[in-house]
Amino acid sequence: MKKYHISVFTTNLLAIVLAILFVKGYKAREIPITNVFFIMLVILAVFMLLSIFILKPQGRIKSIFPKKNLLILNVGISLAFSLIFLKQIGLIGFLFVMVFSFLLFEIEHIIYEGVGR
Amino acid sequence: MSIFQFSFSEIPEAVSIIIGFINDNLILSGVLFISYTLFYLYGIINNKSVDSDVYEIDLLGNGVSSIMVAFLLVGLDESSKGFSFASLDISSPTTKAAIFLAGYAILLLLFAFTKMLPKFLVVVFGNSELDLFINFIAVLMIEPGIAITGTLLAVIGVPLLILLIIERLRRLAR
């Protein structure tokens, strides 16, 4: 196990915690999370397009996603926590947690890919 | 009490605020601390490995997470409740903290790409303790009833600073 694995895994955990607590905070203040969710979705889309069409073809990164096991583990943990807190965060909150955690651990993965782990 | 004022008499109150927050969010606080503990243990166990040290890559990681936290903090005290930057309440402490954090994050990203910082400062800004400190303060700011004071910052920051010093001394003594 390398620092890369720990880093991508812990980034995902941190992102889940931040996302759930922020969604709860937004809900407590009666602020809709929809706008933030769509902004995150756009950031994720731009980031993925950059990775697929610029970074990968130029050889800056080898793989767009982490290895299958790490990817399944991270997505599985995000899914589990989102479902545990589904009642408190609602459907959009659930989607936000999934998108936010995916975005953050994906960025961490690309950072490590970019410098050769 | 402002964030620049520290008082020993306020330490019990700060500790009870932290314990109250942890009790209210037991699972999430547990996950937050587990994520940090995993990273710390990796550094402690592999302290002879070059892989476990702090590099510019950590500045990048911390910069990205800080900018995301700043972005989410901005929305908390924004008057239109529609995430419009034109409706930012600049006088609110949360917005001020978010703007400061965004500036700090941009500086981290700049330093990471230019690699202009000396190694000592890379360790100071790229360590996981500082990242946990920022994230923990940010999640405390979400709670409307919690006022961030200098004492609260010190109660959270000093143990993390001690952990950082222990880890760095272990690396020096290898």
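Which side chains meet in a salt bridge at 2.8 Å, N to O? They are those of Lys3(A) and Asp58(B). A salt bridge here is a side-chain nitrogen of Lys or Arg within 4 Å of a carboxyl oxygen of Asp or Glu.

This is a predicted model, where local features need pLDDT of at least 70, side-chain atom pairs count only at pLDDT 80 or more, and totals for chains, interfaces and linings use all residues. Residues are numbered from 1 along each chain as its sequence is written, chains are lettered from A in the order in which they are written, and side-chain values use heavy atoms, leaving out hydrogens and water.

**Between the chains**

- In contact (heavy atoms within 4.5 Å) are 38 residues of chain B and 37 residues of chain A.
- The two chains bury about 3,500 Å² between them, 79% of it on carbon and sulfur atoms. Buried area is the accessible area (1.4 Å probe) that two parts lose on being put together, summed over both.
- The rule finds 1 salt bridge across the interface of chain B and chain A.
- Over all chains, the structure holds 4 salt bridges. Lys3(A) lies in helix 1 of chain A and Asp58(B) in helix 3 (residues 56-76) of chain B, so this pair joins two chains. Helices (H or I, at least four residues) are DSSP runs, numbered from the N terminus.

**Helix 1 of chain A with helix 3 of chain B**

- These helices pack at an angle of about 5°, with their axes 11 Å apart. Axes are lines fitted to C-alpha atoms over the stretch in contact, and angles run from 0 to 180 degrees between N-to-C directions.
- The two helices are therefore roughly parallel. Angles under 35 degrees count as roughly parallel, and those over 145 as roughly antiparallel.
- On the chain A side, the meeting residues include Phe22(A) and Tyr26(A). On the chain B side, they include Phe71(B) and Leu76(B).
- Ala, Val, Leu, Ile, Met, Phe, Trp, Tyr, Cys and Pro count as nonpolar, Asp, Glu, Lys and Arg as charged, and the others, Gly among them, as polar.

**Helix 1 with helix 4, in chain A**

- The axes of helix 1 (residues 3-28) and helix 4 (residues 86-114) come within 8 Å and cross at roughly 150°. That makes helix 1 roughly antiparallel to helix 4.
- Their crossing is right-handed. A crossing is right-handed if the near helix is turned clockwise from the far one by less than a right angle, and left-handed if anticlockwise.

**Helix 2 with helix 4, in chain A**

- Helix 2 and helix 4 pack at an angle of about 30°, with their axes 10 Å apart. That makes helix 2 roughly parallel to helix 4.
- Helix 2 passes helix 4 in a left-handed crossing.
- The residues of this contact divide into 18 nonpolar, 2 polar and 1 charged.
- Leu55(A) belongs to helix 2 (residues 34-55). Leu55(A) and Ile110(A) are 55 residues apart in sequence and 9.2 Å apart in space, C-alpha to C-alpha.
- Not counting residues up to four places away in sequence, Leu55(A) touches Leu50(A), Arg60(A), Ile61(A) and Ile110(A).

Definitions and conventions
Angles under 35 degrees count as roughly parallel, over 145 as roughly antiparallel, 65 to 115 as roughly perpendicular and the rest as oblique.
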